Amino acid sequence: MDFIRPSFPDTGICGTFRARAAEFGFILRYPKGKEAVTGIGWEPWHFRYVGIPFAREIADRVLTLEEYLL
């Protein structure tokens, strides 16, 4: 197990969490393709709790936290 960059696949329980994260108030903090916005490379394991209404809006609009806060 890599503690710095853990595996977080799109299948199994990880995939289920990823698909339903916003329902529980979580967003993917550093999504793929948004490196220019966040300044950080893609981290498929890095989720942040922002609250259910905010997570749903961010996910629905396909935003990063930085884009949402602007």
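**Close-up views of a predicted model**

**View 1. Arg29 and its contacts.** Beyond its neighbours within four places in sequence, Arg29 is in contact with Thr38, His46, Phe47, Arg48, Leu65 and Glu66. The model shown here is predicted. Arg29 belongs to strand 1, which covers residues 26-30. Is Arg29 buried or exposed? Its relative accessible area is 8%. Buried means under 20%, so Arg29 is buried.

**View 2. The largest pocket.** This pocket has a volume of about 310 Å³. Its lining counts 15 residues, and the closest to the pocket centre are Leu28, Pro31, Ala59, Val62 and Leu63. Which elements each supply at least two residues of the lining? They are helix 1 (12-20), strand 1 and helix 3 (52-60). Strand 1 gives the largest share, three residues. By residue type, the lining divides into 12 nonpolar and three charged residues, with no polar ones.

**View 3. Val62, at the pocket and in a loop.** Val62 is among the residues closest to the centre of the largest pocket. It is found in the loop between helix 3 and helix 4. Its phi is positive, about 55°, although Val62 is not a glycine. The relative accessibility of Val62 is 58%. Exposed means over 50%, so Val62 counts as exposed.

**View 4. Phe8 and two aromatic partners.** A pair of aromatic rings is described by the distance of the centres and the angle of the planes. The whole structure holds six aromatic pairs. In one of them, the ring centres of Phe8 and Phe17 are 6.2 Å apart. Their planes stand at 80°, so this pair is edge-to-face. Phe8 also pairs with Phe47, with ring centres 5.5 Å apart. Here the planes are at 45°, so the pair is tilted. This second pair links distant parts of the chain. Phe8 is in the segment before helix 1, and Phe47 is in strand 2 (residues 43-49), 39 residues apart.

**View 5. The aromatic cluster.** Which residues form one aromatic cluster? They are Phe8, Phe17, Phe26, Phe47 and Tyr49. Two members can be set side by side for accessibility. Phe17 has 30% relative accessibility, so it counts as partly exposed. Phe47 has 16%, so it counts as buried. Phe47 is also one of the contacts of Arg29.

**View 6. Phe24 and the residues it touches.** Phe24 lies in the loop between helix 1 and strand 1. With a relative accessible area of 44%, Phe24 is partly exposed. Which residues does Phe24 touch, not counting those up to four places away in sequence? They are Tyr49 and Ile52. Tyr49 is also a member of the aromatic cluster. The C-alpha atoms of Phe24 and Val50 are separated by 9.3 Å, and these two residues are 26 residues apart along the chain.

**View 7. Lys32 over the ring of Trp42.** The charged end of Lys32 sits over the ring of Trp42. How far is it from the ring centre? The distance is 4.1 Å.

**View 8. Leu69 in helix 4.** Helix 4 spans residues 65-69, and Leu69 has its place there. At 63% relative accessibility, Leu69 counts as exposed. Pro53 is 16 residues away from Leu69 along the chain. The C-alpha atoms of the two are separated by 14 Å.

Technical notes:
Residues numbered from 1 in each chain as written. Predicted model: local features only at pLDDT ≥ 70, side-chain atom pairs only at ≥ 80, totals over all residues. Heavy atoms only, no water. Helix = DSSP H or I, 4+ residues; strand = E, 2+ residues; numbered from the N terminus. Buried < 20%, exposed > 50% of the residue type's maximum accessible area, 1.4 Å probe, protein only. Contact = heavy atoms within 4.5 Å. 1 Å grid on protein atoms, 1.4 Å probe; cavity = no way out; pocket = protein on both sides within 12 Å on 5 of 7 lines; lining within 4 Å. Points joined across faces, edges and corners; volume = space filled by probe spheres on them. Nonpolar A, V, L, I, M, F, W, Y, C, P; charged D, E, K, R; others polar. Phe/Tyr/Trp six-rings, centres within 6.5 Å; stacked < 30°, edge-to-face > 60°. Lys NZ or Arg CZ within 6 Å of the ring centre and 35° of its normal.
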